[in-house]
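Please look over the model below.

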Amino acid sequence: MIVNNNTNITSDEAYSLLIKSSKSEYAKKYIFNSFVFIVGIPILVVGLVTKNTMYIVFGAIFVAFSLVLCGFNTVSMIKIPKMVKEKNAEVCEYGISYSYRFKEHSVILIAKSNDRQTKYEYSYTTLKRITEYSDKYQLRFQDSLTLYVYKSGFENQKMEEFFRKNISTSKKKIKLKK
């Protein structure tokens, strides 16, 4: 069954959602950072204990590389609000309106902001995660695309149940967060 949803996001709300999504993407970079650091420390320690110059140099390179990456990531995290404003100026100023059409295997999205209208189609096979909040659903697709579907945009409770059935055909479970 086809389910329609109209979600309107105000400019302030769009700005905060964009910042939140961006920060979660940048936070993942700290995982790689930690891995490089964890690999570098034992190499450095073994080199210092055995007084092997090659191990000391490689360990120091790994540790220094991870510290530099950590610095770049931290600076990027600090600059996120400014970057979001620059790259999404229209959305941050006027807000955005989403018209969703959920089908059995895909979703068609028409995004309207100010005078611009854009149409997209996404398959549920590229859906990575579905999170349910008290007032909205967050659909995270591959390529770090995040869609927010507000519960108030459904015509009635039955349409929301059909949405849940359609979106669950990709065998993804809906995680509940409060």
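Does Glu25 count as buried, partly exposed or exposed? At 24% relative accessibility, Glu25 is partly exposed, because the buried class ends under 20%. The model is predicted.

The whole structure holds 6 salt bridges. One of them pairs Arg140 with Glu25, and their closest N and O atoms are 3.1 Å apart. This pair links distant parts of the chain. Arg140 sits in strand β6 (residues 136-141), Glu25 in helix α1 (residues 11-27), and 115 residues separate them. Arg140 is buried, with a relative accessible area of 6%.

## Lys151 and Glu132

Lys151 forms a salt bridge with Glu132. The closest N and O atoms are 2.7 Å apart. Lys151 lies in the loop between β7 (145-150) and α5 (157-167), and Glu132 lies in strand β5 (residues 127-132), so the pair ties together parts 19 residues apart in sequence. Both Lys151 and Glu132 are buried.

## Lys136 and Asp135

Lys136 also forms a salt bridge, with Asp135 as partner. Here the closest N and O atoms are 3.9 Å apart. Lys136 is buried at 13% relative accessible area. Asp135 is partly exposed at 33%. Elsewhere, salt bridges that share partners join Glu25, Lys28 and Arg140 into one network.

## Ser106

Ser106 belongs to strand β3 (residues 106-113). Its relative accessible area is 11%, so Ser106 is buried. Neighbours within four places in sequence aside, Ser106 is in contact with Arg101, Glu121, Tyr122, Ser123 and Tyr124.

Notes. Residues are numbered from 1 along each chain as its sequence is written. This is a predicted model: local features need pLDDT of at least 70, side-chain atom pairs count only at pLDDT 80 or more; totals for chains, interfaces and linings use all residues. Side-chain values use heavy atoms; hydrogens and water are left out. Helices (H or I, at least four residues) and strands (E, at least two) are DSSP runs, numbered from the N terminus. Buried means under 20% relative accessible area, exposed over 50%, partly exposed in between (1.4 Å probe, protein chains only). Contact means heavy atoms within 4.5 Å. A salt bridge is a side-chain nitrogen of Lys or Arg within 4 Å of a carboxyl oxygen of Asp or Glu.
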